[in-house]
Amino acid sequence: MPPETPRNAPNTPATPLAPSPEPGSTAPTTRRALAAARRRVARRKLIAVGSIAAVALVAGTGFAVYSTSGSAEATSASQAADVKAQEAAIAASLSDAKAKSTISIANQVVAASEGKVDTSALETSVAALDDYQSLDADAVADRVAHTASTAQTVQTAAAEADKKAAAAAAKKAADEKAAADAKAAAEAKAAAEAEAAAAAAAQAQANTVEGAKATAQQLASSTYGWGGDQYSCLVSLWTKESGWNYKAYNANGGATGIPQALPGSKMASAGADWATNATTQITWGLDYIQRAYGTPCSAWSHSQSVNWY
C-alpha cells in the first residue's frame, strides 16, 4: 500500500520509503521512523496500562466494598455471640454459687436443729438441689428459694425449741434450788431444834440438885481455887437457904433462887436467864460470897451465927 498521507497535510510530493531490507541485511534507520515507532509503542503501553488500571480499580473497589461489609457483619455477629456466651457463663456461675451456698447453709441448719425439730422437709429440699449443675438457671433459682425458705422455717422452729428448753432448764434449776434451800432450811431447823433440845436437857440436868451441886463444885475450884472443905461449907450453906432449888422463893422477904438473892433481880448481872438457870444463880452466888465473906466457910459461919448471910 502507498504510505498514509497525514490529514490536512499540504500537497507535497511524497517521500518514498526506503525499500525493505533483504533478509540478513540491516535496514537503514532514520530519525523520523524511530520517533514514529516510539510514539506507537508508547500509545499501546498507555492504553494497556489504563485498561488494566481501570479493571483493577473497578474490580478492587467492588471487592473492597464487598469484603468490608461482610467482615463488619461477621464481626458484629461474633461479638454478640461472645457477649451472650459470657452472660450465660456468668449466670451459670452465679447460679452454681447460690446453689452451693444454699446447700451449705441448709446443711448447717439441719445439723444445728437435729434432735430439736423435724428437719425431714429441709433434707428433702437439699436433696432436690443436689443436682443443680444439670438444671437451668430458673429451676435452680426456684429450688434455691424453696430450700432457703424451708431452712428459715426450720431455724425459727429450732430457736423456739431452744427458748422453751432454756425456760424448762431454768425452771428445773429454780425448782431444784428451791428444794435444796428448803431441805437445807429444814435440816438447819432440825439441827437447831436438836441443839436446843440438847441444851434444854443439859439445862434441866443442871437445874437438878445433883446438877447444881456439880456445877457449884466445878466453878468453886476452877474460878476461885476453893477445895473440898470450902465446897462442903457451901453445900451446908445453900442446903439451909434453898435446898439447892433454883425455883426457891421466900415469901416473907422475897429472897430467890439457890443463893436466895434479895431481891432476885440482882442475879441479872450474871445472866438474863437468872430465873430459870441454876448455873446463872450459882455463878452470881459464888461471886457474892467471895466479895462479902471471902470464902464459903466464912459465909456458913456467919449464917450459923445470925441465921442469914
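This is a predicted model: local features need pLDDT of at least 70, side-chain atom pairs count only at pLDDT 80 or more; totals for chains, interfaces and linings use all residues.
The chain has 309 residues, and 22% of them count as buried. Among contacts with a separation of 6 or more, 53% are made by residues 24 or more positions apart.

Two packed helices are described by the angle between their axes and the distance between the axes. For helix α2 (residues 120–129) and helix α3 (residues 137–207), the axes come within 9 Å and cross at roughly 160°. Because angles over 145 degrees count as roughly antiparallel, α2 is described as roughly antiparallel to α3. The crossing of these two helices, α2 and α3, is left-handed. On the α2 side, the residues in contact are Ala 121, Leu 122, Ser 125, Val 126, Ala 128 and Leu 129. Their partners in α3 are Val 140, Arg 143, Val 144, His 146, Thr 147, Thr 150, Ala 151 and Val 154. Sorted by class, the contact of α2 with α3 comprises nine nonpolar residues, four polar residues and one charged residue.

The C-alpha atoms of Ile 105 and Ala 151 are separated by 8.1 Å, while the two residues lie 46 residues apart along the chain. Ile 105 sits in helix α1 (residues 31–113). With a relative accessible area of 47%, Ile 105 is partly exposed, because the exposed class begins over 50%.

Attention now turns to the cysteines. A disulfide is a covalent bond between the sulfur atoms of two cysteines. Searching the whole structure turns up one disulfide. The bond joins Cys 233 to Cys 297, with their sulfur atoms 2.1 Å apart. This pair links distant parts of the chain: Cys 233 belongs to helix α5 (residues 228–241) and Cys 297 to helix α7 (residues 296–306), 64 residues apart. The link of Cys 233 and Cys 297 is right-handed, with 85° about the S-S bond.

Which of the two classes, buried or partly exposed, applies to each cysteine? Cys 233 has 14% relative accessibility and therefore counts as buried, since the buried class covers values under 20%. Cys 297, in turn, has a relative accessible area of 21% and is therefore partly exposed.

Note on methods. Residues are numbered from 1 along each chain as its sequence is written. Side-chain values use heavy atoms; hydrogens and water are left out. A disulfide is a pair of cysteine sulfur atoms within 2.5 Å. Helices (H or I, at least four residues) and strands (E, at least two) are DSSP runs, numbered from the N terminus. Buried means under 20% relative accessible area, exposed over 50%, partly exposed in between (1.4 Å probe, protein chains only). Axes are lines fitted to C-alpha atoms, for helices over the stretch in contact, and angles run from 0 to 180 degrees between N-to-C directions. Angles under 35 degrees count as roughly parallel, over 145 as roughly antiparallel, 65 to 115 as roughly perpendicular and the rest as oblique. A crossing is left-handed if the near helix is turned anticlockwise from the far one by less than a right angle, and right-handed if clockwise. Contact means heavy atoms within 4.5 Å. Ala, Val, Leu, Ile, Met, Phe, Trp, Tyr, Cys and Pro count as nonpolar, Asp, Glu, Lys and Arg as charged, and the others, Gly among them, as polar.
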